[in-house]
Amino acid sequence: MSQLLPQTSAHELPASAGHLPTHAAAPGSRTTGSLLTGDSADDYADLLHDVVDTIAARFRTVDAPSNGPDRARLEDLVDAVDLDGSGIGNRAALAEADELYAANAVWFHHPSYLAHLNCPVVLPAVAAEAMLAAVNTSVDTFDQSLVGTLMEQRLVRWTTEQVGFEDGDGVFTSGGTQSNLQALFLARERALREDSRPRPEALASLRVLTTEASHFSVARSALLLGLDTDAVIAVDSDAEGRMDPEDLRARLADLADEGDLPMAVAVTAGTTDRGIIDPLARIAEVCEEAGVWLHVDAAYGGGLLVSERRRHLLAGIELADSVTVDFHKTFFQPVSSSAILVREPAHLRAAAWHADYLNPAAEAASQEAEPNQVDKSLQTTRRFDALKLWTTLRSLGAQRLGEMVDAVCDLATEVRGLLEADRDFTVLGSSDLSTVLFRFQPGDVDDATADSHVALIRRILFQSGRAMVARTTIDGTPWLKLTLLNPETTVMDVAAVLDLVRATGRGLLAGSRLATEGSAR
Ligand SMILES: *Cc1c(COP(=O)(O)O)cnc(C)c1O
């Protein structure tokens, strides 16, 4: 049991447990473990209000991205909770969750959180999340979802219009990983359909062309789709990781000579590490000539679709066969919210499967067929995540979202300038989006020392909980990485974190000098 909430009956719980009153339910009353029904609607409203008050209080008082990752302490807290005992009631369970989970969570809205591609979330989407969870719509079949299906379809159309597809289609997914898998699955099915060889033989000859910088889900999808272990080919890229269209052309010619079949070219609009956008229009031209499926992974860069100032960076995306967009990255949506979009609606049909209890094949062919989204999805039961984007567009408007994306890209440019002007740091290249790669390396510090300090600096900051930065390795060299996704974070906020990095780096240098002197003596 948690230290915070000793195992007691609910009425003995300490009053310190957030805002949640901790009165016990009378034995046999509906409030303990009750279903959300008409009878419990008042309890639902009370409980949710209290939970919201509790989390709002956290947001008001959180003063660091985390408390620090003392894993032994967290393991003790988690292990101490009795999952086999009798229930402690709604309020006590939620108060306990607040003390266990919320009190020890990572806070992505905090201006010193600069690490990964997980964003702070917009209010209308958070509220919509509560709405869709309560109703529990599943958007797999029309008869479980009704208007929800139509709203999702409308948003898919809206997104394909932003992409520039004339008559596209698509479906919401759980994330970019799933979107990429589905895109490559559709590409595989098209390639196999067009090949006259027996399926296993054709499958063994399929190749996916991508770059070193593409997301790992591309290579893993190839594995899941039964492709050969050497099916993924890394096309040459420029110094920042952009695919070289001429090398792509040469590789496609080589494949034709060898009798291998290019299944897809998978490019990235916003690489995870550097926010680099492959030259979409030029690559689309090469793919068109070769008749190869072009997949654009815009999981990160998708937000540029609504940016007035940066939409041009995605020029050519409308020529793709499939596009991944993660709304839970640059559209500031709560996890999960993503979509796979296709230019040619018929291509989605490769995913269609029919079950007599759900979407019988005989009905699917008829004019009055119900619009069952399960026909387009790899999932069956599926969240109505679309409601969050819907309320966001209605509340803020697309233009405002685009301005938020521009704000984080502008911030990255400013931060890069700050680092370039600072002799304590070196900065790697540029970004089309909002990442900054840098390291602490004053002039008198050699590469090996700077290399060894990257992971240490990240770890020390992480341990402190006061700031979070990420790290990565580019061409064998380790770098610290900032992923800026909070449009309210200021350059001063980031400068404060850079000062922490500097102080940590100096401390490490002083330590290693002492050690060197010690061993020299
Ligand atoms: C984040 C990311 C993904 C994976 O998306 P998830 O939503 O985390 O599954 C895929 N591609 C790129 C380029 C990404 O940045």
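In which loop is the place of Phe 332?

Reply: Phe 332 has its place in the loop between H12 and S7. Before the details, a word on the model. It is predicted, so to speak of local features a pLDDT of at least 70 is needed, side-chain atom pairs count only at pLDDT 80 or more, and totals for chains, interfaces and linings use all residues. Residues are numbered from 1 along each chain as its sequence is written, and side-chain values use heavy atoms, with hydrogens and water left out.

Now the names. Helices (H or I, at least four residues) and strands (E, at least two) are DSSP runs, numbered from the N terminus. Helix H12 covers residues 327-330. Strand S7 covers 338-342.

Look at Phe 332 itself. Its phi is near 60°, a positive value in a residue other than glycine. Phe 332 is buried, because its relative accessible area is 1%. Buried means under 20% relative accessible area, exposed means over 50%, and partly exposed is in between (1.4 Å probe, protein chains only).

Move along to Ser 336. This residue is found in the loop between H12 and S7. A cis peptide bond joins Val 335 and Ser 336, with omega about 0°.

Next, step back into H12. Lys 329 is found in this helix. The UniProt record, an unreviewed entry, lists Lys 329 for "modified residue: N6-(pyridoxal phosphate)lysine". UniProt positions are given in the numbering used here, feature names are shortened, and annotations may be inferred rather than shown by experiment. Lys 329 counts as buried because its relative accessible area is 13%. Leaving out residues up to four places away in sequence, Lys 329 touches Leu 117, Cys 119, Ala 299, Tyr 300 and Leu 485. Contact means heavy atoms within 4.5 Å.

Follow Tyr 300 to Thr 271. Neighbours within four places in sequence aside, Thr 271 is in contact with Ala 213, Ile 276 and Tyr 300. Thr 271 is found in the loop between strand S4 (261-268) and helix H11 (280-290). Thr 271 is buried, with a relative accessible area of 3%.

Now go past S7. Leu 348 is found in the loop between S7 and helix H13 (361-364). Leu 348 counts as buried, at 2% relative accessibility. Residues up to four places away in sequence aside, Leu 348 touches Asp 169, Gly 170, Gln 182, Leu 186, Val 342, Asp 375 and Lys 376. C-alpha to C-alpha, Leu 348 and Arg 506 are 55 Å apart in space, and they are 158 residues apart in sequence.

Compare Leu 146. Its phi is near 50°, a positive value in a residue other than glycine. Leu 146 lies in the loop between helix H5 (142-145) and helix H6 (147-163). Leu 146 is partly exposed, at 48% relative accessible area.

The chain has 17 helices and 11 strands. Of its 521 residues, 50% count as buried. Among contacts with a separation of 6 or more, 73% come from residues 24 or more positions apart. The C-alpha atoms fill a box of roughly 80 × 75 × 40 Å, taken along the principal axes.
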